[in-house]
Amino acid sequence: MPTEKPKFVWMNGALVESEKANVPILSHALHYGTGVFEGIRAYKTRQGISVFRLKEHMRRLLDSAHAYMMPIPYTESELCEATTTLLAKNGMNDSTYIRPIAFKAEAGISLDFRKVPVWVAIVALPFDKYFEKEGGLNVCVSSWRRIGEPSLLSLAKASGHYINSAIARVEAAENGYDEALLLNQRGFVAEGTGENVFIVKNGVIYTPPLSAGILEGITRDSVCTLALDDGLKLQERDILRGELYRCDEAFFAGTAVGVSPIVSIDKRVVGEGHLGPVTRRIRDLYSKVVSGDDERYSHWLTSVRPAAAYSKVRGAK
Ligand code: PMP
């Protein structure tokens, strides 16, 4: 996971030094989870670093905020510009994790947040690997169910939702697993704690539909596009827990984890117990795309120009 602290963050419309980007202790979001956020990555390419599917992430941030009635006072293009400006200002030149967050800030204790201002920040950190482990993940089916409708908006990426992911992740780690898979309220496979899941059986790739109460992952969408463009067979449908125990391959897909093979589920070895051919194909395609080595998907990348190219950076204090 990201480690070092960046020099600048973008906060409420300006670049500020990290130490000065503080949040009030009575922030509504701190107490009640009333925030929405994103996780984005920038990758090293031959043209410097490029942000992967920046617009789609900012669109999802705005949609999450809209759904939870906490409108963000910036447009999609302003947020994209703020991100590239921040990366340039921090001199990021290697793999980077970007965390935009919009949250209900200063408040009293009332739950009614309508009058509470929305603060928006973007933080960029050097990215290290998300999973320590190389060579495939040992996963368990969590005893916790994935939260979702009708109590919460599963399509929104909201701060408060993540206590569900966190408790499942901690449980998995306590039991010696690398990651958890959560079932939904109907008992079908939903997703990992911070990533979508795919299984492969007899050459067909399966992944749960949005109606399974999952987050509509941008990596998931990228994987589906790459698989279909590559002539692979793919189907979105409900997946039974039992299908996890008899699939040929399984993998996670998410911004932080990329495409990560799963080698066992609840102690049942998946396929041959190592990276399978379909997962390898998808992983290779994906890593070529994010590194800018596949022209067909260059529209998914936003390159970060040197700091001098950004007027706001030159003017920034
Ligand atoms: N599901 C959950 C619960 C997540 O937190 C994430 C990470 N954002 C994903 C799936 C994968 O989404 P993405 O590919 O957009 O990172």
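The accessible surface of the protein chain comes to about 15100 Å², computed by the Shrake-Rupley method with a 1.4 Å probe. Carbon and sulfur atoms hold 53% of this surface. The model is predicted: local features need pLDDT of at least 70, side-chain atom pairs count only at pLDDT 80 or more, and totals for chains, interfaces and linings use all residues. Residues are numbered from 1 along each chain as its sequence is written, and side-chain values use heavy atoms, leaving out hydrogens and water.

Of the 317 residues of the protein chain, 53% are buried (under 20% relative accessible area, 1.4 Å probe, protein chains only). The C-alpha trace spans about 55 × 50 × 30 Å along its principal axes. Among contacts (heavy atoms within 4.5 Å) with a separation of 6 or more, 70% join residues 24 or more positions apart.

The ligand is surrounded by 15 residues, each with a heavy atom within 4 Å of it. The closest are Y162, E191, I218, T219 and T255. The shell contains three nonpolar, eight polar and four charged residues. Here Ala, Val, Leu, Ile, Met, Phe, Trp, Tyr, Cys and Pro count as nonpolar, Asp, Glu, Lys and Arg as charged, and the others, Gly among them, as polar.

In R60, the distance from a side-chain N or O atom to a ligand oxygen is 2.9 Å. A polar side-chain atom of E191 is 2.7 Å from a ligand nitrogen. Taken alone, the ligand exposes 390 Å², and the protein buries 96% of that.

Technical notes:
Polar contact = N/O pair within 3.5 Å; in protein donor to acceptor, adjacent residues only side chain to side chain. Buried < 20%, exposed > 50% of the residue type's maximum accessible area, 1.4 Å probe, protein only.
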